Amino acid sequence: MGTLLRPRPLAHAAGAGDATPSTAHAVVVSGGRGRGVECQPHRVRRRPGPQVAVATASWRRRRETVVRSDFAAGGAATMGDSPQALSDIDVVSRVRGVCFYAVTAVAAIFLFVAMVVVHPLVLLFDRYRRRAQHYIAKIWATLTISMFYKLDVEGMENLPPNSSPAVYVANHQSFLDIYTLLTLGRCFKFISKTSIFMFPIIGWAMYLLGVIPLRRMDSRSQLDCLKRCVDLVKKGASVFFFPEGTRSKDGKLGAFKRGAFSVATKTGAPVIPITLLGTGKLMPSGMEGILNSGSVKLIIHHPIEGNDAEKLCSEARKVIADTLILNGYGVH
C-alpha cells in the first residue's frame, strides 16, 4: 500500500490582501518507486498588508475631516460635496476672517483715540456707567459686524433704560457674542480674563470701558469680581454675565453658575435673559480664524425678578433653553 503524504502549499510572493492560487503536490510511495500525483489547486486568503491598513486609515481621516468641515461651515457643506467644494468654502471663510480682524483693528485704532480723549471727562462726570465710552464701543461693534453678517434684534422693548441698573445674562457660543451685544448700546460691564487686557488697543479699550478682570481658577479673584459687580450695580451701573462660564464647544447650552443671580438678589436688580442664535455657526468656538457667512439673531426676554438666586438661575436658563430648542439648537 502506498502512503499519502500531507499536501504542502508552495510559497508565492503576493501583494497585500491578494488571494493567490497555490499548487499542492503529493507522492505515493510504493516499493521504493514514487509517482507524482497532482492535487486540486486551492486558494489561500492572506491578511491585509500594511499598505491596505495605511490606505484605510487615511480614508477614514479624510472622511472625518469632511464631517468637521461640514459642521464648521454651519451646514453650508454636505457629505455629498466634493473635496474641491469643501476646500473653496474653507478658503472663503478664512479670507472673511482675515478681513473681519483687519476691519475691527482699523476701526478700533481711530475709536480708541476718541475714548482716550473723552476719558478724563468720563471719570469726572460718569465714572461708573461710562456712557460715552459705551457709545463709542457701540459704533465700533456696529461698523465691524455690519460688513460681515446681518443682525436681527427681537424684544428691544424689554431692555431697561441705561439709567436703570440690571444684571444681563446670555448663552455663550462664539467670540462674536461680545460684538453682537455691544450693538445694544447698554452700559453693562463684562467680565473678562486678565490676559485679554494685555492685548494692544482692544485690551486698553476694555480698561477704559470698565470691564471687570478675572483670573480663572482663582477663588479669591472670583470673589473679588462678584463684590465689584455688586458695588457697580448699587452705584447705578449694569453688569453682564455668561453664566455657562465659557463658550460652548458643541453649540449646546451648558449648566449655569449662580454668580450672576447672587448679584441680582443682593442688589434687587432685575435679570435680563438674552438668547444668541447663529454666532456659533459663523465663528465656532476654537476656530476664531474663520468667519462663515450667515446671520445672527438676538432675542431679549422679559425681565425676571426675585430674591432666590437658585430660582432666578433656573428660570433664566429655562427661558434661554426653550428658545434655543425652538430654533433647533441643543441643550445639555
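1. Let's start with arginine 247: its relative accessible area is 26%, so it counts as partly exposed. Bear in mind that this is a predicted model. Glutamate 288 also falls in the partly exposed class, at 22% relative accessibility.

2. Arginine 247 and glutamate 288 form a salt bridge, with 2.6 Å between the closest N and O atoms. Glutamate 288 sits in the loop between helix H8 (279-282) and strand E12 (295-300), while arginine 247 belongs to the loop between strand E10 (238-241) and helix H7 (259-267), so this pair ties together parts that are 41 residues apart in sequence.

3. How many salt bridges are there by this rule? The count comes to seven.

4. Another one of them links the side chains of lysine 235 and aspartate 231, at 3.2 Å from N to O. Lysine 235 is partly exposed at 38% relative accessibility, and aspartate 231 is partly exposed too, with a relative accessible area of 33%.

5. Arginine 131 and aspartate 126 also meet through their side chains in a salt bridge, again with an N to O distance of 3.2 Å. Is aspartate 126 buried or exposed? Its relative accessible area is 13%, and with the buried class set at under 20%, aspartate 126 counts as buried. Arginine 131, on the other hand, is partly exposed at 42%.

6. Now for the backbone. Most residues other than glycine have a negative phi. Arginine 130 is not a glycine, yet its phi is positive, at about 55°. You'll find arginine 130 in the loop between helix H2 (83-125) and helix H3 (131-145). With a relative accessible area of 13%, arginine 130 is buried.

7. Which other residue is worth checking for a positive phi? Isoleucine 201, also not a glycine, has a phi near 65°. Its place is in the loop between strand E8 (191-193) and helix H5 (202-209).

8. Last, the annotation. The unreviewed UniProt entry carries the label "transmembrane region" for residues 100-123 and 196-214. In the model, residues 100-123 are 100% helix and 0% strand, and the end C-alpha atoms of that span lie 32 Å apart. For residues 196-214 the figures are 42% helix and 16% strand, with the end C-alpha atoms 10 Å apart.

Definitions and conventions:
Residues are numbered from 1 along each chain as its sequence is written. This is a predicted model: local features need pLDDT of at least 70, side-chain atom pairs count only at pLDDT 80 or more; totals for chains, interfaces and linings use all residues. Side-chain values use heavy atoms; hydrogens and water are left out. Helices (H or I, at least four residues) and strands (E, at least two) are DSSP runs, numbered from the N terminus. Buried means under 20% relative accessible area, exposed over 50%, partly exposed in between (1.4 Å probe, protein chains only). UniProt positions are given in the numbering used here, feature names are shortened, and annotations may be inferred rather than shown by experiment. A salt bridge is a side-chain nitrogen of Lys or Arg within 4 Å of a carboxyl oxygen of Asp or Glu.
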